[in-house]
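Subject: Structure for your review

Dear colleague,

Please find below the structure for your review. My notes on what was found in it follow directly after.

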Amino acid sequence: MADKKKTHVVNGYVHYVKVQNPGSTFNDTNDKQYECTIEMDKKTMKEFKKVFPANAKGVKEHTKEEFIEKFKVEPQYDGGEDDEHYTVVVKQPVKVNGKPIKRPVRVFMKSEETGKLIDITQEKEVGNGSKAAVQLFIYENAKWNTVSAKLQAIRVDELVEYEGGGSGYDELGDVDESSFSDPQFDDEDDGFSDEPDFGDEDYD
């Protein structure tokens, strides 16, 4: 029996969106993958686990303090008396069997002029706390009898534009970047990764 694919949409808030600049799979070949973290309320979290049982263990629970430390913004949902805030990372490889996937993951926003969705993938960087609807593949693997989520597209409803991390030395104090001189590397290869370090993450 052939594997089946369907679609499910999760409404919530997105964080650490890596679509314009895909992240690493951290495997032997260092392949790239599209990914984002979805912040969900409790009802949506339960529905997500029901639809995607293979991803259920990937749903993380945070206190408000833990959430702010990890995502650098306030959680968008009330955690209630138990102070519970839920997130899950969803992904999609950029290539399968060495070839780019037919439909790369895209980020959309509704045009104020036409009312239609327009592709903003390369135009805007989506910052943490942006309100969004995330379209996922429901991937049913008959061989392994698993049902898992694959990131397909993001529709941003309320954009929080990503602001870069400045010079990268900000933990030491305010930096006057105009004082920089004689860099050791040119702009094309500065010896460092442009990808922020988001700390340890579950890549199972």
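**Backbone and loops**

Asn 145 is exposed, with a relative accessible area of 72%; here exposed means over 50%, buried under 20% and partly exposed in between, with a 1.4 Å probe and protein chains only. Asn 145 sits in the loop between E9 and E10, and its phi is near 55°, a positive value in a residue other than glycine. Asp 83 also has a phi near 55°, again positive and not in a glycine. Asp 83 belongs to the loop between H2 and E4 and is partly exposed at 29% relative accessibility. As background, most residues other than glycine have a negative phi.

Please note that this is a predicted model, in which local features need pLDDT of at least 70 and side-chain atom pairs count only at pLDDT 80 or more, whereas totals for chains, interfaces and linings use all residues. Residues are numbered from 1 along each chain as its sequence is written, and side-chain values use heavy atoms, with hydrogens and water left out.

**Overall architecture**

The secondary structure consists of two helices and 10 strands, taken as DSSP runs numbered from the N terminus (helices H or I, at least four residues; strands E, at least two). Along the sequence the pattern reads β-β-α-β-α-β-β-β-β-β-β-β. The protein has 204 residues, of which 33% count as buried. Among contacts (heavy atoms within 4.5 Å) with a separation of 6 or more, 67% involve residues 24 or more positions apart. The accessible surface is about 14100 Å², 45% of it belonging to carbon and sulfur atoms; the areas come from the Shrake-Rupley method with a 1.4 Å probe, and for residues only the protein chains shown count as cover.

**Nonpolar core**

A nonpolar core is taken as a set of buried Ala, Val, Leu, Ile, Met, Phe, Trp, Tyr and Cys residues joined through side-chain atoms within 4.5 Å. The largest one holds 30 residues, and Phe 48, Val 90, Leu 136, Leu 151 and Ile 154 touch the most other members. At least two residues of this core come from each of E1, strand E2 (32-40), helix H1 (42-51), E4, strand E7 (106-110), strand E9 (130-141) and strand E10 (146-158). Beyond its neighbours within four places in sequence, Val 90 has contacts that include Tyr 34, Cys 36, Phe 48, Leu 136 and Leu 151.

**Aromatic pairs**

Rings of Phe, Tyr and Trp (its six-membered ring) pair if their centres lie within 6.5 Å; planes under 30 degrees apart count as stacked, over 60 as edge-to-face and the rest as tilted. The count comes to four aromatic pairs. Tyr 13 and Tyr 77 form an edge-to-face pair, because their planes stand at 75°, with ring centres 5.4 Å apart. Tyr 13 lies in strand E1 (residues 4-24) and Tyr 77 in the loop between helix H2 (64-71) and strand E4 (85-93), so this pair ties together parts 64 residues apart in sequence. Tyr 13 is buried at 13% relative accessible area, while Tyr 77 is partly exposed at 24%.

Phe 48 and Phe 52 make a tilted pair, 5.0 Å centre to centre with 50° between the planes. Phe 48 is buried at 1% relative accessibility, and Phe 52 is buried at 0%. Ring pairs also join Tyr 16, Phe 67 and Phe 71 into a cluster.

A charge sits over a ring if NZ of Lys or CZ of Arg is within 6 Å of the ring centre and within 35 degrees of the ring normal. Lys 70 lies over the face of Phe 71, at 5.8 Å from the ring centre, and Lys 150 over that of Tyr 139, at 5.4 Å.

**Salt bridges**

There are seven salt bridges, each a side-chain nitrogen of Lys or Arg within 4 Å of a carboxyl oxygen of Asp or Glu. One of them joins Glu 140 and Lys 6 (3.2 Å, N to O). This pair links distant parts of the chain, with Glu 140 in strand E9 and Lys 6 in strand E1, 134 residues apart. Another joins Glu 35 and Lys 18 (4.0 Å, N to O), and both of these residues are buried.

Yours sincerely
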